[in-house]
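Here are some numbered notes for a first reading of this structure. Please keep the sequence and the 3D view open while going through them.

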Amino acid sequence: MGLFGNAHTVDPVSAQRDYARLLGQGEQVHAAYLLIRDTILFTDRRLVLVDKQGLTGKKVEYHSIPYRSITHFSVETAGHFDLDAELKIWISGGSAPIAKTFTKGVDIYEVQAILTQFVAR
């Protein structure tokens, strides 16, 4: 599930509106990131990975991960020659992590802090 390319933040209010059909009653989007065609939503209840598939992107898979199922996660910061940062998330019952790659346009420390806020509850 790794993804390479430009990543940038999305206004949470805009993401709330765009993905309203996916959200439960009263569920709020706190942060969102766009990775080429895919999107990561941090809500107050779960992590939602929006995975657009195929050439047209009309087929979409939605991964809903309750924060309580995240056993651990890691961030790898960008280096001098490697400009991408990476977030890896391990889910209970799974052996391989979910990996998402961010370019220097996103503060990986901010992503880590948001995830920590919800996982540490």
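1. Tyr33 is buried, since its relative accessible area is 1% and the cut-off for buried is under 20%. Phe102 also counts as buried, at 0% relative accessibility. The two residues form an edge-to-face aromatic pair, with 5.9 Å from centre to centre and 90° between the planes. Because Tyr33 belongs to strand 2 and Phe102 to strand 8, this pair ties together parts that are 69 residues apart in sequence.

2. The protein chain has an average pLDDT of 87, and 91% of the residues score at least 70. Confidence is highest in helix 1 (residues 12–18), at 96, and lowest in strand 1 (residues 7–10), where the mean is 82. Over residues 1–5 the pLDDT falls below 50, although this stretch has 15 contacts in the model beyond near neighbours in sequence. Where pLDDT is low, the predicted coordinates should not be read in detail.

3. How many aromatic pairs does a search of the whole structure find? The count is three. One of them is the pair of Tyr33 and Phe102 described above. Another joins Tyr67 and Phe118: it is stacked, because the ring centres are 4.9 Å apart and the planes are at 10°. Tyr67 sits in the loop between strand 5 and strand 6, while Phe118 is in helix 2, so this pair ties together parts that are 51 residues apart in sequence. Both Tyr67 and Phe118 are buried.

4. The largest nonpolar core has 21 residues, and Tyr33, Phe42, Leu47, Phe102 and Val111 are those with the most contacts inside it. At least two residues of this core come from each of strand 2 (29–35), strand 3 (38–43), strand 4 (46–53), strand 7 (85–91), strand 8 (98–102) and helix 2 (108–119). Helix 2 gives the most, with five residues. Another core lies apart from this one; it has eight residues, including Ala15, Leu23, Leu41 and Val48. As background, nonpolar side chains in soluble globular proteins tend to be buried together.

5. Is Leu115 buried or exposed? Leu115 is buried, because its relative accessible area is 0%. Leu115 is found in helix 2. Leaving aside residues up to four places away in sequence, Leu115 touches Phe42, Tyr67, Ile70, Phe73, Leu87 and Ile89. Phe73 is 42 residues from Leu115 along the chain, yet their C-alpha atoms are separated by 8.7 Å.

6. An open sheet is formed by three strands in the order 6-7-8, with antiparallel pairing. Strand 6 (70–76) and strand 8 are its edge strands, as each pairs on one side only. From one strand to the next, the twist averages 15°. Helix 2 packs on this sheet and touches strand 6, strand 7 and strand 8; the direction of helix 2 makes about 165° with that of strand 6. Strand 6 and strand 7 pair in the antiparallel sense over six bridges. His72 stands opposite Trp90 in strand 7.

7. Which strands does strand 4 pair with? Strand 3 pairs with strand 4 in the antiparallel sense over four bridges, and the two form a hairpin with two residues between them. Here Ile40 has Leu49 in strand 4 as its bridge partner. Strand 4 also pairs with strand 5 (residues 59–66), in the antiparallel sense over eight bridges. Among the bridge partners are Val50 with Tyr62 in strand 5, and Asp51 with Glu61 in strand 5.

8. The hairpin of strand 4 and strand 5 has five residues between the strands, and Gly54 takes a positive phi near 75° there. Strand 4 itself is largely enclosed by the rest of the structure, because six of its eight residues are buried.

Notes: Residues numbered from 1 in each chain as written. Predicted model: local features only at pLDDT ≥ 70, side-chain atom pairs only at ≥ 80, totals over all residues. Heavy atoms only, no water. Core = buried A, V, L, I, M, F, W, Y, C linked by side-chain atoms within 4.5 Å. Buried < 20%, exposed > 50% of the residue type's maximum accessible area, 1.4 Å probe, protein only. Pairing = 2+ DSSP bridges. Axes fitted to C-alpha atoms, helices over the stretch in contact; angles between N-to-C directions. Contact = heavy atoms within 4.5 Å. pLDDT = per-residue confidence, 0-100. Phe/Tyr/Trp six-rings, centres within 6.5 Å; stacked < 30°, edge-to-face > 60°.
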